[in-house]
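Visitor: Could you walk me through this one? I'm new to reading structures.

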Amino acid sequence: MGMLLRGRYRLLDLLGQGGMGAVYKAIDEVLGRHVAIKIFLADATQSADVRRQEDEVNILASLSHHSLVTLLDAAVDRSDPMMPRIYLVMELVEGADLQRRLARGPLPLRQIAQLAQDLAEGLEYIHSRGVVHRDIKPANVLLVNYNGDDSRTRAKLADFGIALLADSRRYTADGAATGSAHYMSPEQATGDQVGPASDVYALGLVLLECFTGEIAFPGQAVPSALARLMKDPAIPETVPAAWAGLIAAMTARDPRDRPLVDDLVLALRQLIAGSSGRHRANAPLQLTATRPGAPDAADEEGRMIAVRRYDLLDTPPDDTFDQITALAARAFRVPIALVSVVDHDRIWFKSRHGLAVEQIDRDAGLCASAILQDKPWVVTDARIDPRALANPLVIGEMGLQFYAGVPLTTRDGHNVGTLCLIDHTPRDFTSAEMATLEGLAGVVMMELELRLDSRQALLDSRAALG
């Protein structure tokens, strides 16, 4: 049998080895379960190495998300006083990593979408806690199929060996690059300050490789790293247009041009929803993304109860709301202004100025994304905004290029729809304009609340009269 760590974990098979440590399959002899153990190889006499190891322990211990490998235990093995070893005990993820899977060729679109969703949500989680992974690559993406029927492959992000808190100092030497050369961002390649945008870039390269089966920047480490300073990755025409646009945005050479990861999650949601059919009342909501403080988008049933309570669906034209949308169109000089109501599978226009249709499919409407927010949702140029790249109203005949929507929030916190503006040309939207649109949305919601109170008072009066 293999080495026994701290009288509990017995090492079995070597699963992998890298520059910072080795990972073993082991058995927890106390609980009788298999685990994965990473033992660091750093020289304990080098304070920078020890500090980096301790950072990984502290970082992993603070994180818990379905898209991250779970840390179960962490300690220092001091059986050899001259060579103390920090080790991490993690859940053992049965199945191949993405690197091994890609060795067989590109992935099907459905699996790419599932993988992208998991990894983007994992990055959204760690970035919200000030952590940058800095080594996103296929070998660090573990694949697991819980159902055993290939219906849903889950992706888990592993190996925070060079992760760093976004606002902390780096322990690497000045100018030194950290990360895997084939996937590091341009700023990593030059040793510049690395932030969350670097993870977005690396994920973009990983997704591109999922489509092509080929590394975007192959070759030896230095030429591969330098190549991305001079050119963008080549995205073949075989990549669907919406995905190609999103990957291009993610791999922009200037980190300021890349989408924030929470916007990336929303863009992926639109891509996946657009290819998976109409929403249904009983459909699973795993594609929904929310930001901290946003309404609970998982409570779709409660939201729909609120929609029905306010009697908003399939109702006749309403002069009060028509006056508000006409005023909004004039005030903001846009061709289209709408009061929208988001149903399970469609968006119904309670009032529409400049638009002939009464409703559209929910998957096509940006209002479906706007109601996931707790603040106005603005797309100033939909042609380059990753949140709207996949939207059929943007890439189709309508040519939508500007959208500003304020959620219509009920007194119990449900977003039933929006007051929104649409234009066919990009435009800026100032804070003063935002305040005006929010004020008009408040008027819409106040009118709805007054009508609800009036109906309830009438019902109470009738009940009192017997």
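This is a predicted model: local features need pLDDT of at least 70, side-chain atom pairs count only at pLDDT 80 or more; totals for chains, interfaces and linings use all residues.

Visitor: Which residue forms a salt bridge with Asp-73?

Guide: A salt bridge is a side-chain nitrogen of Lys or Arg within 4 Å of a carboxyl oxygen of Asp or Glu. For Asp-73, the closest N and O atoms of the pair are 2.9 Å apart. The partner is Arg-6.

Visitor: How many residues apart in sequence are the parts that this pair ties together?

Guide: Asp-73 lies in strand E5, while Arg-6 sits in the loop between strand E1 (4-5) and strand E2 (9-17). Strands (E, at least two residues) and helices (H or I, at least four) are DSSP runs, numbered from the N terminus. So the pair ties together parts that are apart by 67 residues.

Visitor: Is Asp-73 buried or exposed?

Guide: Buried means under 20% relative accessible area, exposed over 50%, and partly exposed in between (1.4 Å probe, protein chains only). Asp-73 has 17% relative accessibility, so Asp-73 counts as buried.

Visitor: How many of the 20 residues of H3 are buried?

Guide: Helix H3 covers residues 109-128. H3 is mostly covered. The number of buried residues is 17.

Note on methods
Residues are numbered from 1 along each chain as its sequence is written. Side-chain values use heavy atoms; hydrogens and water are left out. The expected span of a helix is 1.5 Å times one less than its number of residues.
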